[in-house]
Amino acid sequence: MAPPPVTERQAKKRDRNAFVRTKVPIVERISAVVIVLLIAGIGIAIWMKGQRWDPNLYSLRTDALNSTSAAVQGKAGTLRTGSGAQPGEESVVKEPTVAQQSPAVKNAGEGEPASGEMSGEGGNEAAPAKTASSAPAAKNEPMEIAIPGIKPMGKTEFYNPDNLFEKIDGRAPAYIGFNFQALRSRSFSVDGADSSYVDVYEYRMDTPVNAFGMFALERDPNGKPIDFAPDGYSGEMGFFFRQGAYYVQIIASDQNAKTMTAAKAIAVDRAKSIPVDNAGLDARRRLPATGMIADSVTFVQDNAQGQAFLKSVFQAGYQYEGAKLQFFLMVTTPDEAAAAWTSYKTFSGKFGKVTDLPDVKGAKIFQAENFGKCKVIYQREGELGGIVDAQDAAKARKFVEEYLQGQIR
Amino acid sequence: MSTTPDNGENQGQEPENGIGRREFILRAGAAGALVAGSIIAGRKLWQPNHFIPGFEDQKGLQLPPYTFGASKLLPTMAIAHGPDHEKTVGAAIGALGGMSRFIEKGDIVMIKPNVAFDRPPALAATTHPDALRAVANLVFAAGAAKIIIADNPINSPTGCFLKSGLRQVANELNLDLLYPETNSFAPLQLTGEVLKNWTFFHEPFKKATKVIGLAPCKDHNLCHSSMTMKNWYGLLGGRRNQFHQHIHSIVSDFALMMKPTLVILDGMNVLMKNGPTGGRLSDVKPMGTIVAGTDMVAVDSYGYTHLLERDIAELTYIHKAHDRGLGNKNWKEAHYKEVQA
């Protein structure tokens, strides 16, 4: 007898039933529950462990990465070169000559298609702190100094922003605030001076401006000028200078004449080995030296005096005819300087009285009285500057006019 | 289509829509293997001997109080002024009643200097060797059997002790200089604001019966100043810079962590700026003062106002410690004595 024909509905029902298990054995059900509970338990355990973190257990040991650093050295693809600049950044690849390069730079540069240097030059001096280093990233090359009478006391030490605190502990944030990149440090004993030594610290920042910023922050107001580096001084126990994007400290263990002689020789050696790069520092160099209050130069990257158009401004305090004056200076393009001057004048006019003063050697000048204080602002050929927050308007005006006439240098 | 294998083995034993015995055994076996694998892997990952903060079955240690020599008659704080380290330290301790008030014959005394950096003594970033020498001589004269000096500089302890000049003093006076080794640390447990469980340089405290903190007075980039309370930071291990985010809280926690026998603040030459490292002699100001006492909050309060010459209102960790009852920031309320060496 032929089976009755199966309807489509019956076929669907039969197929569906085939995948439904209505009678699951109790052992299997228990197993399933146990597995689900285990998964939940593992999840809870992971969560609990995450709540009780032991930093020592998972702390990064940067020295463990040393073995991997060799693998990327010489690979241009790992460097941020001019072509690899971030959007919005302008850069010019500049290859220092071999004679200008430090020993570390010379070694690092071998075989590399580009030095990786980016500077604020190339028409973008107004934003120096946003550009990258004036020298290639420090490779872990030992600091070798070939000067008679000194011997290395140990190996060269290397630090980066992640482990700088290991060397200088609570001082590290100050350096990191100026975009610290790397520190190379080594100690040298001095022949003929019992127990004497000289410590060398080479802090590399991202730009010469930031290296100057850190240098200025720690500057000894009583330091004596040195002749081998323009931004530098000697103290009673050492030499300190800024060269390129480096802030170099040469610290002697004592004031013994032999130790200090060795310290100076090391400082000169270091200054010669680091490429000169003053990118972004043009405005600082134009600040007049006459009457400048020691240790008063500061750099403001953005929004100087609360004005968006005042960028990369250097300012310093001055003693002038018995008054304390605050002078600032910004170097940019002539168009930007003119536009910023007009904006400043307009802003000042909203909150007080503005007076146009006669031009001095082609410089446009205005004077403003705001909230009981006076400012005298000028602009000429890509330079904007002046006196702000002065109590004595006459002296502020006189100072600016004498500066523009070249009488204050 | 059925999930039941159509073989004679299962005929008459399985429900119409169930699974076969073989498949069940396979599935159960797989599940069992998974569970067993999880247990084995979990056991492998579990580190029963590792201190994991918060897992209550393994507690960290707490340091015992090392306080000694309490007196209602003698001062709790002494301020001595003078040009010479040894004499000024001697005058300060003498004003407290002498070292024998704090140290008994046979004591093993742990002196904790600040040797955080490999700086020369003249830069005042570390405990001065003359201060250590003066204190150690007084401790030995009081009858101590042994003096241990120890600190945990993050960077090269041997270099720091060498360049600071303290190793030379240790050799000269036969002090036990303990460098931090991997097995020198133990878990510390505390109910501090931020310091609760942390690895701690415990080795020097295994035998110590008295503890003296000997700290320089100096500027600090993050917490304004480093004095006797901040000095204990050097006993922490691990990546302790993580606490820099809560620097005032952790410094005040040290007043809870450590109850020393005595603290001595070396204000002979004070690092007034660019601390804690300094680097220039011009950062250092000769102040010719030694402050000793049993209340580190009071000692630091004096140091901040009279040696660093700053406004105590800004020194948050002092206020925290005071508010928690760990010391008295109003040092003038203490029984103090000021002397000239």
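This is a predicted model: local features need pLDDT of at least 70, side-chain atom pairs count only at pLDDT 80 or more; totals for chains, interfaces and linings use all residues.
1. Chain A in outline. Chain A contains 12 helices and 15 strands. Of its 409 residues, 40% are buried. Taking the contacts in chain A between residues at least 6 apart in sequence, 60% join residues at least 24 apart.

2. Strand β3 of chain A. This strand covers residues 180-190. It is mostly covered, with 10 of its 11 residues buried. Strands β1(A), β2(A) and β4(A) each pair with β3(A), as the next three points set out. As background, side chains in a regular strand alternate between the two faces of the sheet.

3. Pairing with β1(A). Strand β1 of chain A, residues 150-152, runs antiparallel to β3(A), and three bridges connect the two. A reader who wants a residue to start from can take A:Ile150, whose bridge partner in β3(A) is A:Val190.

4. Pairing with β2(A). Strand β2 of chain A, residues 157-159, is also joined to β3(A) by three bridges, again in the antiparallel sense. Here A:Glu157 has A:Ser185 as its bridge partner in β3(A).

5. Pairing with β4(A). Strand β4 of chain A spans residues 197-205 and is antiparallel to β3(A), with nine bridges between them.

6. A helix pair in chain B. Helix α7 of chain B is made of residues 296-307, and helix α8 of chain B of residues 316-323. Their axes are 10 Å apart and the packing angle is about 155 degrees. Angles over 145 degrees count as roughly antiparallel, and α7(B) and α8(B) are therefore roughly antiparallel to each other. Their crossing is left-handed.

7. Residues in the helix contact. Which residues of α7(B) meet α8(B)? They are B:Val297, B:Asp300, B:Ser301 and B:Tyr304, and on the α8(B) side the residues are B:Ile318, B:Ala321 and B:His322.

Key: Residues are numbered from 1 along each chain as its sequence is written. Chains are lettered from A and ligands numbered from 1 in the order in which they are written. Axes are lines fitted to C-alpha atoms, for helices over the stretch in contact, and angles run from 0 to 180 degrees between N-to-C directions. Helices (H or I, at least four residues) and strands (E, at least two) are DSSP runs, numbered from the N terminus. Angles under 35 degrees count as roughly parallel, over 145 as roughly antiparallel, 65 to 115 as roughly perpendicular and the rest as oblique. A crossing is left-handed if the near helix is turned anticlockwise from the far one by less than a right angle, and right-handed if clockwise. Two residues are in contact if their C-beta atoms, placed from the backbone, lie within 7 Å. A residue is buried if 20 or more other C-beta atoms lie within 10 Å of its own, exposed if 12 or fewer, and partly exposed in between; C-beta atoms are placed from the backbone. Two strands pair if DSSP finds at least two bridges between them.
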